[in-house]
Amino acid sequence: MDHKEIAIRMVESWLQHAERTSNKSISTKEVAQAYLDFYSTIINQVLPESMEQPEDK
């Protein structure tokens, strides 16, 4: 399985989770951004800034 296929499966899982836990619809832009974030994380092994949690200070 290559990186693109892994990212696609992660987006599919995220969409299934969102469908079960939220009544909000997800836009095409959000799906595309999720794919880019997952793919970037897989390739770079670093979370994008949009996915990082702020550190407790």
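## Helix packing

The buried residues of H1 pack against H2, where contact means heavy atoms within 4.5 Å. Helices (H or I, at least four residues) and strands (E, at least two) are DSSP runs, numbered from the N terminus. This is a predicted model, in which local features need pLDDT of at least 70 and side-chain atom pairs count only at pLDDT 80 or more, while totals for chains, interfaces and linings use all residues. Residues are numbered from 1 along each chain as its sequence is written, and side-chain values use heavy atoms, with hydrogens and water left out.

## The two faces of H1

Ala-7, Val-11 and Ala-18 are buried in H1; buried means under 20% relative accessible area, exposed over 50%, and partly exposed in between (1.4 Å probe, protein chains only). Down the axis of H1, its buried residues fall within an arc of 40°, so they line one face of the helix. The arc is taken from the directions from the helix axis to the C-beta atoms. Turned away from the buried side of H1 is a face with the exposed residues Glu-19 and Arg-20.

## The nonpolar core

The largest nonpolar core has five residues: Ala-7, Val-11, Ala-34, Phe-38 and Ile-42. Such a core is a set of buried Ala, Val, Leu, Ile, Met, Phe, Trp, Tyr and Cys residues joined through side-chain atoms within 4.5 Å. H2 gives the most to this core, with three residues.

Phe-38 lies in helix H2 (residues 28-44) and counts as buried because its relative accessibility is 15%.
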